[in-house]
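Welcome! Please take a moment with the sequence and the 3D view before reading on.

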Amino acid sequence: MQDHNSKAKIITNSDEETIDAGEKFAMTLQAGDIVCLYGDLGAGKTTITKGVARGLGVKDRIISPTFSLVRQHEIDNKLIKTFYHLDLYRLENEDEIKSIGIEEILSDPQGVVLIEWAEKMNNLLPKKRREIRIENIDENRREITIFN
Ligand code: ADP
Ligand code: MG
């Protein structure tokens with residue numbers, strides 16, 4: 001477990017508010033950052049990812065890379081050139097992720113990497129990383145905790 005010296009909590013009441021939260025969070029990202037997303041199925045990980053992507057200037061539509069594990073989006077006019085979106089829900093073991101070249105992805109100095117179900121590659125995660133946890137409060141409300 002990482003040391004968390006600060007965190008911010010917000011409650012969102014809709015998809016759009018969660019997307020906005022992701023967009024604001026994206027403003028704090030720098031090239032080389034790794035963002036781990038935690039939360040149950042349907043919590044809103046892919047939804048907040050849409051906001052992060054929007055904030056970074058990604059023009060592609062964001063859909064979860066469920067079968068390929070990773071989708072790569074190129075970004076124009078930024079220090080950040082590539083947004084890597086991983087979804088490890090279906091990952092069975094860490095060897096499987098080594099086969100997609102995870103080490104190169106994690107060490108791309110011009111990339112930002114966001115990982116849904118990051119707990120599935122716990123042993124491969126760098127110490128320096130950002131974390132977001134999303135919890136269901138009820139059908140349309142989510143509690144989002146952002147650790148620095
Ligand atoms: P995950 O990627 O964590 O499995 P998704 O983002 O794909 O979850 O799905 C979240 C689901 O919850 C969507 O159907 C979305 O419409 C719904 N939802 C309802 N309220 C919210 C909210 N406040 N924030 C995010 N998603 C919400
Ligand atoms: Mg998802």
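Here is a short briefing on the protein chain, from its overall build to a handful of residues.

This is a predicted model, in which local features need pLDDT of at least 70, side-chain atom pairs count only at pLDDT 80 or more, and totals for chains, interfaces and linings use all residues. Residues are numbered from 1 along each chain as its sequence is written, chains are lettered from A and ligands numbered from 1 in the order in which they are written, and side-chain values use heavy atoms, with hydrogens and water left out.

**Overall build**

- The protein chain has four helices and seven strands; helices (H or I, at least four residues) and strands (E, at least two) are DSSP runs, numbered from the N terminus.
- Reading from the N terminus, the order of elements is β-α-β-α-β-β-α-α-β-β-β.
- The protein chain is as compact as a globular protein of its length, because its radius of gyration of 14 Å is close to the 15 Å that the globule rule gives for 148 residues. That radius is taken over C-alpha atoms, and the rule is 2.2 Å times the number of residues to the power 0.38.
- Along the principal axes, the C-alpha atoms fill a box of roughly 40 × 35 × 30 Å.

**Surface, burial and charge**

- Of the 148 residues, 47% count as buried. Buried means under 20% relative accessible area, exposed means over 50%, and partly exposed lies in between (1.4 Å probe, protein chains only).
- The protein chain exposes about 8200 Å², and carbon and sulfur atoms supply 46% of that area. Accessible areas come from the Shrake-Rupley method with a 1.4 Å probe; for residues, only the protein chains shown count as cover.
- There are 21 positive and 26 negative charges, and their mean positions are 3 Å apart. Lys and Arg count as positive and Asp and Glu as negative, while His and the chain ends are not counted; each charge is placed at NZ of Lys, CZ of Arg, CG of Asp or CD of Glu.
- Among contacts between residues at least 6 apart in sequence, 66% join residues at least 24 apart; contact means heavy atoms within 4.5 Å.

**Two residues of strand β4**

- T82 lies in strand β4, which covers residues 82-87, and T82 is buried at a relative accessible area of 6%.
- The side chain of T82 makes a polar contact with the side chain of E74, at 2.9 Å. A polar contact is a pair of N or O atoms within 3.5 Å; within protein, one must be able to donate a hydrogen and the other to accept it, and residues adjacent in sequence count only if both atoms are side-chain atoms.
- Leaving aside neighbours within four places in sequence, the contacts of T82 include Q72, H73, I75 and D108.
- L86 is also placed in strand β4, and L86 counts as buried with 0% relative accessibility.
- Setting aside neighbours within four places in sequence, L86 is in contact with residues including P65, L69, V70, I97 and V113.
- L86 and I137 are 51 residues apart in sequence, and their C-alpha atoms are 25 Å apart in space.

**Residues in loops**

- L69 sits in the loop between α2 (45-56) and β3 (70-74). L69 is not a glycine, although it has a positive phi of about 70 degrees, and it is buried at 7% relative accessible area.
- W117 belongs to the loop between β5 (111-116) and β6 (130-136). W117 has a positive phi of about 60 degrees without being a glycine, and it counts as buried at 13% relative accessibility.
- P126 lies in the loop between β5 and β6 and counts as partly exposed at 27% relative accessibility. Not counting residues up to four places away in sequence, P126 touches I34 and L106; the C-alpha atoms of P126 and L106 are separated by 8.3 Å.
- D33 is found in the loop between α1 (15-26) and β2 (34-38), and D33 counts as buried at 9% relative accessibility. The side chain of D33 reaches the backbone nitrogen of Q30 at 2.8 Å.

**A helix residue**

- K50 has its place in helix α2 and counts as partly exposed at 38% relative accessibility.
- Not counting residues up to four places away in sequence, K50 touches I19 and I62.
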